[in-house]
Amino acid sequence: LANALAAHPKSFPQAYRASIAAGESSGKLETVLSHLADHVETRQANTRTIGLALVYPAFLGLISIGIVTLLLTFVVPDIVQVYRRREADLPLLTEILITISDILTRNGRAILFLVVTLLIGGWFALRNEGARERIDRFVLKLPLVGRFSRRKTSTQFASTLAMLVISGVPLVRSMQIAGSVVSNRFVRDRIGEAAVLVSEGTNLEIALQRQDCFTAMFIAMVSSGSQSGELGPILLRAAEDQQRELDQEVKTVVALVEPVMLVLMGGMVLMIVMAILMPIVKLNQLTGF
């Protein structure tokens, strides 16, 4: 069965094939397939949860940028013509608004071209292994995003490694396969180095701790599993704990992002309205109305 699945690597990743091969060789294929099914369902559910949680803040941010851009590009220039005909002294806030509006209206195509170029350049950079590794390494150092990425990679690694160990795949081989499914390229390379250390006789928890890519709780649970001889179940529990904390962090971030985005959007619109109304009030005062 494992050899038959190997003919379709895009549909059946290496971790699945290795688990099935271990199940066939140990005579526990039914148990391995059951663990594999649970692993696939859990991973899909986790990915779906994170994706859905981040959709609304991203949508709200795009809408905010779009509304402000439309106001500065189409509404403000028409109103500015009235002020310029009056040749009145304008408040500083209005002058800043007019400057930004002029930049957008005069250089809109150039700015759009620059944004598209940056997006395409970023897309090509993400496809380059060296650039992607440097980006992933930088992400781990960011205050909030780094902790989120570190917990996500720990969950990915722990859940896959637990499935492989429970299936009977040798530890070093399990680490190599589990590392290949981690999304962060930098962490993936560090797991490869940890696998080399384990193959040379280093304890698993020490090898992982040296890479400085995983949370302290995860390392502690790996140490407990190694000492008790129940590495697979402990890793499974570690993955579940990491996933619960990850879900909680995502919910917290989303709960904070929504009001922050609304306040920022309202604040930007308020600044535009104030910049437009302040000269009108000043002109009315000068004309005696």
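Predicted model: local features only at pLDDT ≥ 70, side-chain atom pairs only at ≥ 80, totals over all residues.

Student: How many helices and how many strands does the protein chain have?

Tutor: The protein chain has 12 helices and zero strands. Read from the N terminus, the order of elements is accordingly α-α-α-α-α-α-α-α-α-α-α-α.

Student: What radius of gyration does the protein chain have, and what would a compact globule of 289 residues have?

Tutor: A compact globule of 289 residues would have a radius near 19 Å, whereas the protein chain has 27 Å. The box that its C-alpha atoms fill, taken along the principal axes, is roughly 95 × 35 × 35 Å. Among contacts with a separation of 6 or more, 62% join residues 24 or more positions apart.

Student: What percentage of the residues count as buried, and which residues have the most contacts inside the largest nonpolar core?

Tutor: In soluble globular proteins, nonpolar side chains tend to be buried together. Here, 36% of the 289 residues count as buried. The largest nonpolar core has 40 residues, and those with the most contacts inside it are Phe157, Met175, Leu208, Phe214 and Phe218. Helices that each supply at least two residues of this core include α2 (14–26), α7 (143–167) and α12 (231–287). Helix α9 gives the most, with seven residues.

Student: Which residues does Phe157 touch, leaving aside those up to four places away in sequence?

Tutor: Phe157 touches Met175, Ala178, Gly179, Val182, Ile191, Leu208, Phe214 and Phe218. There is also a second, separate core of 10 residues, among them Leu72, Leu90, Ile98 and Ala275.

Student: Is Leu118 buried or exposed, and why?

Tutor: A residue counts as exposed when its relative accessible area is over 50%. Leu118 has 58% relative accessibility and therefore counts as exposed. Leu118 is found in helix α5, which spans residues 108–127.

Student: How far apart are Leu118 and Gln248 in sequence and in space?

Tutor: Leu118 and Gln248 are 130 residues apart in sequence, and their C-alpha atoms are 33 Å apart in space.

Notes. Residues numbered from 1 in each chain as written. Heavy atoms only, no water. Helix = DSSP H or I, 4+ residues; strand = E, 2+ residues; numbered from the N terminus. Rg over C-alpha atoms; globule rule 2.2 N^0.38 Å. Buried < 20%, exposed > 50% of the residue type's maximum accessible area, 1.4 Å probe, protein only. Contact = heavy atoms within 4.5 Å. Core = buried A, V, L, I, M, F, W, Y, C linked by side-chain atoms within 4.5 Å.
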